[in-house]
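Keep the viewer open while you read.

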Amino acid sequence: MVEAEVEERKGREKSKKKKGRRWGWMPIGAVAAVVIALAVGFFPAQNFKSCPCAQDSRKYTGIVEDCCCDYETVDTLNAAVLHPLLQELVTTPFFRYFKVKLWCDCPFWPDDGMCKLRDCSVCECPENEFPEPFKRPLLHGLGSDDPICQEGKPQAAVDRTLDSKAFRGWMEVDNPWTHDDETDNDEMTYVNLLLNPERYTGYSGPSARRIWDEIYSENCPKYAFGEMCQEKKVLYKLISGLHSSISIHIAADYLLDETKNLWGKNLELMYDRVLQYPDRVRNLYFTFLFVLRAVTKAKNYLEQAEYDTGNVEADLKAQSLMRQLLYNPKLRAACPLPFDEAKLWKGQSGPELKQQIQKQFRNISSLMDCVGCEKCRLWGKLQVLGLGTALKILFSVDGQMNSEPPLQLQRNEVIALMNLLNRLSESINVVHTTSPLVEKTKWWRLVSDHPTTIISSWRRIWERIVEKVYVLAEPFR
């Protein structure tokens, strides 16, 4: 009897211990649930919009606005076809030399010393320093390459080394969409674009901002949805896309360490200026397709053009690459009509609206004379002329390439058009390959930019966890 009572008491104690162990896990599980709930519930409430976890890994999908191709097709075609062809094309002798006015003669405001910036100026040297080929009439006005003649850092100065046999033939016809008179050879300078790549120059501050402010505020103000006609909307998107492309090239080829002359990608600058603004990236794609449409529309003209520089082998290569680009089967199958220009200039006000936008674009081209950095002025003039050439092709002829008078492109316009398309293609490639890397680094940038906020946030979470644990553990004490 006594033994039975002892065994019964032992059984009750054993059962009580098992029950205690079973219930003992409950506060721990509750604490874990609280930690997860608080952490997940807390951070969405913060204004940390750059957290990549909450964003789609592929921002740009579907049809490019106002165009006839989707983002995925553009990226695929550019990587496989357009970018490799264009990169090779612009290195040929015909496309590497550009004729340009490099003086500083701003028609909109008085000379305020912008062209005297130490890092942006090129010294005009005596005639006895010119190489003999530069003294010929075609090459009038060239400065010396002598380093003694250059002031300050070289990254913003234009290298004027020239192959004097680069040009033959071609008719000189002025472009009604641009301000420069391209027929005025006495005022033009020839520049080797390969020696003057578009990259960081150190040009910034009020002078640089003034140019873009004038462009946007006076000539193509940002539109609000439903408040601007399609034609003005196109002009704004073209300028915005060009602006994005220029910013990407500055950030992609940046002087990271001046003492070591170390160049590379400045991802933070690229994100700050372009990638964090989806509309700027979309406008870049729009501008690329717009210019691509102009090139494909003028394919008969461009195929038959005379790419003659006196270098037979290189000239045949340029012509072959041009044909590969114009008649590429992948491009014609996947994106036969990048942009449909036929929908513009409709109605009675069409001709008047066209003249108005043409005048605005001429003003924009004139503003390039106000750019205070010589190398920036070079690439600004080239790309604005390229865009003006695209506008001339798309809006001066009909779908059958008929116009009155017939379309005439001068050599400099073709050089500017193809170099612009290459610049835009390069920007598309940089965005496509760099955006994922930037997305991955944004969280670490958030932590580095807001360390105090992160620490205080986790402290508050911990305090709330301790409070919850105390309450949950009360029944078990």
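## Starting from Leu-302

Setting aside residues up to four places away in sequence, Leu-302 touches Val-295, Tyr-307, Met-322, Leu-326, Leu-409 and Val-414. Bear in mind that this is a predicted model. Leu-302 sits in helix H8, which spans residues 299–304. Is Leu-302 buried or exposed? With a relative accessible area of 0%, Leu-302 is buried, because the cut-off for that class is under 20%.

## The nonpolar core

Both Leu-302 and Tyr-307 belong to the largest nonpolar core, a set of 101 residues. Which of its residues touch the most other members? They are Phe-95, Phe-98, Leu-289, Phe-290, Leu-302, Tyr-307 and Met-418. Helix H13 (residues 411–449) supplies the largest share of this core, with twelve residues. As background, nonpolar side chains tend to be buried together in soluble globular proteins.

## Where H5 crosses H7

Phe-290 also shows up in a helix pair. The axes of H5 (residues 230–252) and H7 (residues 278–297) come within 7 Å and cross at roughly 105 degrees. That angle falls in the 65 to 115 range, so H5 counts as roughly perpendicular to H7. On the H5 side, the contact is made by Val-234, Tyr-236, Lys-237, Leu-238, Ser-240, Gly-241, Leu-242, Ser-244, Ser-245 and Ile-248. Facing them from H7 are Arg-280, Asn-283, Leu-284, Phe-286, Thr-287 and Phe-290. Sorted by class, this H5–H7 contact has eight nonpolar, six polar and two charged residues.

## Loops, prolines and positive phi

Two residues are worth a look for their backbone angles. Most residues other than glycine have a negative phi. Asp-66, though not a glycine, has a positive phi near 65 degrees, and Asp-66 lies in the loop between helix H1 (2–42) and helix H2 (71–89). Asn-261 is another non-glycine with a positive phi, about 50 degrees. Asn-261 is placed in the loop between strand S3 (254–257) and strand S4 (262–264).

Pro-84 is in helix H2. Apart from neighbours within four places in sequence, Pro-84 is in contact with Asn-78 and Ala-79. Pro-406, by contrast, is found in the loop between helix H12 (374–396) and H13. Here is how exposed some of the residues in this tour are:

| Residue | Relative accessible area | Class |
|---|---|---|
| Leu-302 | Leu-302: 0% | buried |
| Pro-84 | Pro-84: 38% | partly exposed |
| Asn-261 | Asn-261: 52% | exposed |
| Pro-406 | Pro-406: 56% | exposed |

Pro-406 and Ser-396 are 9.1 Å apart in space and ten residues apart in sequence.

## Zooming out

The protein has 14 helices and four strands. Of its 477 residues, 47% count as buried. How much of the contact count with a separation of 6 or more comes from residues 24 or more positions apart? Such pairs account for 80% of those contacts. The accessible surface comes to about 24,600 Å², and 54% of that surface belongs to carbon and sulfur atoms.

Terms used: Residues are numbered from 1 along each chain as its sequence is written. This is a predicted model: local features need pLDDT of at least 70, side-chain atom pairs count only at pLDDT 80 or more; totals for chains, interfaces and linings use all residues. Side-chain values use heavy atoms; hydrogens and water are left out. Axes are lines fitted to C-alpha atoms, for helices over the stretch in contact, and angles run from 0 to 180 degrees between N-to-C directions. Helices (H or I, at least four residues) and strands (E, at least two) are DSSP runs, numbered from the N terminus. Angles under 35 degrees count as roughly parallel, over 145 as roughly antiparallel, 65 to 115 as roughly perpendicular and the rest as oblique. Contact means heavy atoms within 4.5 Å. Ala, Val, Leu, Ile, Met, Phe, Trp, Tyr, Cys and Pro count as nonpolar, Asp, Glu, Lys and Arg as charged, and the others, Gly among them, as polar. A nonpolar core is a set of buried Ala, Val, Leu, Ile, Met, Phe, Trp, Tyr and Cys residues joined through side-chain atoms within 4.5 Å. Buried means under 20% relative accessible area, exposed over 50%, partly exposed in between (1.4 Å probe, protein chains only). Accessible areas come from the Shrake-Rupley method with a 1.4 Å probe; for residues, only the protein chains shown count as cover.
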